Amino acid sequence: MSRSLVARSLEPLVAVLWGVFLVWTAWLAVVWILPVGATALGFVEGGPPPPNADLRSATRLLANYADVIWLVLAIMNLHLVLTRAHGLGTTRAWLAFSAGGALVLGMLNARTGLPFGRLYFGETLGPKRLGVTLGWLLLWPALVLSAREIVLRLQPRASHAAVAFGSAVLVLLTMLNLEWPARFLRGWWIWQSGIPWMHWPAWFIGPWLMAFAMREKSVLSGMGTRSLKPLVILAGLNAVALLARLRSWLAG
């Protein structure tokens, strides 16, 4: 059966998607590490517009939404990687399960403050519905699926429980590295009364449950060579967070 017109029309996008992601990762690093904000771009509240105000406004808009666009690009590339490895049905199920789990956890937290604490999402994670932002829904599958693929690339014969454990450890370590710059530099979220102790166990138990629920339909589907792209995605995010921490430490 010949491919559909829609599939053929998307081929150019698929061909450049990884390159676009890498370029946007570089932009994300600029936004996180350098002061790309309203003040740095010359905007003063109540003051006259700076020179080239339209260009500066566009740059500020790109900077404001750099995080959520990066997450969208990461999910799109993970979708391609996982589809080639496990098939379209499995990939969609895993993405829906991890994003749906993030939605349930976010809604529960918005109503009760459990398990992450009384936090308020900032605008840089995108629009908010039901107390949960778009970026929160994208962050979980980006971290969990990337971590799972990395563990399987490093230990292809690991048991299912070991893969889930290793995935959860990688997600927790990433969040330990990511939380400070994401909160203080980018305003992903703020806490009304500080970070509770259960916040960090939740970032281990949640990814562990998600990864444990993800099983290949057959042994052979998981035995092929794993793509390096999930490793680049997770390593790139951690590198940006580390550089942002270093820059803040040197500036302070």
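Is the crossing of α5 and α7 right-handed or left-handed? It is right-handed, and this briefing will walk you through that helix pair and some other features. Please keep in mind that the model is predicted. The protein chain holds eight helices and four strands, and 42% of its 252 residues count as buried.

**The chain as a whole**

- Reading from the N terminus, the elements follow the order α-α-α-α-β-β-β-α-α-β-α-α.
- Among the contacts with a separation of 6 or more, 76% are between residues 24 or more positions apart.
- The protein chain has an accessible surface of about 13,300 Å², and carbon and sulfur atoms make up 69% of that surface.

**How helices pack against α7**

- Two packed helices are described by the angle between their axes and the distance between the axes.
- Let us start with α5 (residues 134–154), whose axis comes within 10 Å of the axis of α7 and crosses it at roughly 65°.
- Because angles of 65 to 115 degrees count as roughly perpendicular, α5 is roughly perpendicular to α7.
- On the α5 side, the contact is made by Trp136, Leu139, Trp140, Leu143, Val144 and Arg148. On the α7 side, Ala202, Trp203, Gly206, Pro207, Met210 and Ala211 take part.
- Helix α4 (residues 88–112) also packs with α7, at an angle of about 150° and with the axes 10 Å apart.
- That angle makes α4 roughly antiparallel to α7, since the cut-off for this description is over 145 degrees.
- The crossing of α4 and α7 is right-handed.
- Here Phe97, Ser98, Gly101 and Ala102 of α4 meet Leu209, Met210 and Ala213 of α7.

- The axes of α5 and α6 (residues 160–185) come within 8 Å and cross at roughly 130°.
- This makes α5 oblique to α6, and the crossing of the two is right-handed.
- From α5, the residues that meet α6 are Leu139, Leu143, Val144, Ala147, Arg148, Ile150, Val151 and Leu152.
- Their partners in α6 are Val163, Gly166, Ser167, Leu170, Val171, Thr174, Met175 and Leu178.

- You will find Ser227 in the loop between α7 (199–213) and α8 (229–251).
- Its relative accessibility is 27%, so Ser227 counts as partly exposed.
- Leaving aside residues up to four places away in sequence, Ser227 touches Val81 and Arg153.
- Ser227 and Leu82 are 145 residues apart along the chain, yet their C-alpha atoms are separated by 9.0 Å.
- A polar atom of the Ser227 side chain lies 3.1 Å from the backbone nitrogen of Lys229.

**Two backbone details in loops**

- Leu114 and Pro115 are joined by a cis peptide bond, with omega about 5°.
- Pro115 belongs to the loop between α4 and β1 (119–121).
- Leu130 is not a glycine, but has a positive phi of about 55°.
- The place to look for Leu130 is the loop between β2 (128–129) and β3 (132–133).
- With a relative accessible area of 63%, Leu130 is exposed.

Methods. Residues are numbered from 1 along each chain as its sequence is written. This is a predicted model: local features need pLDDT of at least 70, side-chain atom pairs count only at pLDDT 80 or more; totals for chains, interfaces and linings use all residues. Side-chain values use heavy atoms; hydrogens and water are left out. Buried means under 20% relative accessible area, exposed over 50%, partly exposed in between (1.4 Å probe, protein chains only). Contact means heavy atoms within 4.5 Å. Accessible areas come from the Shrake-Rupley method with a 1.4 Å probe; for residues, only the protein chains shown count as cover. A polar contact is a pair of N or O atoms within 3.5 Å; within protein, one must be able to donate a hydrogen and the other to accept it, and residues adjacent in sequence count only if both atoms are side-chain atoms. Axes are lines fitted to C-alpha atoms, for helices over the stretch in contact, and angles run from 0 to 180 degrees between N-to-C directions. Angles under 35 degrees count as roughly parallel, over 145 as roughly antiparallel, 65 to 115 as roughly perpendicular and the rest as oblique. A crossing is left-handed if the near helix is turned anticlockwise from the far one by less than a right angle, and right-handed if clockwise.
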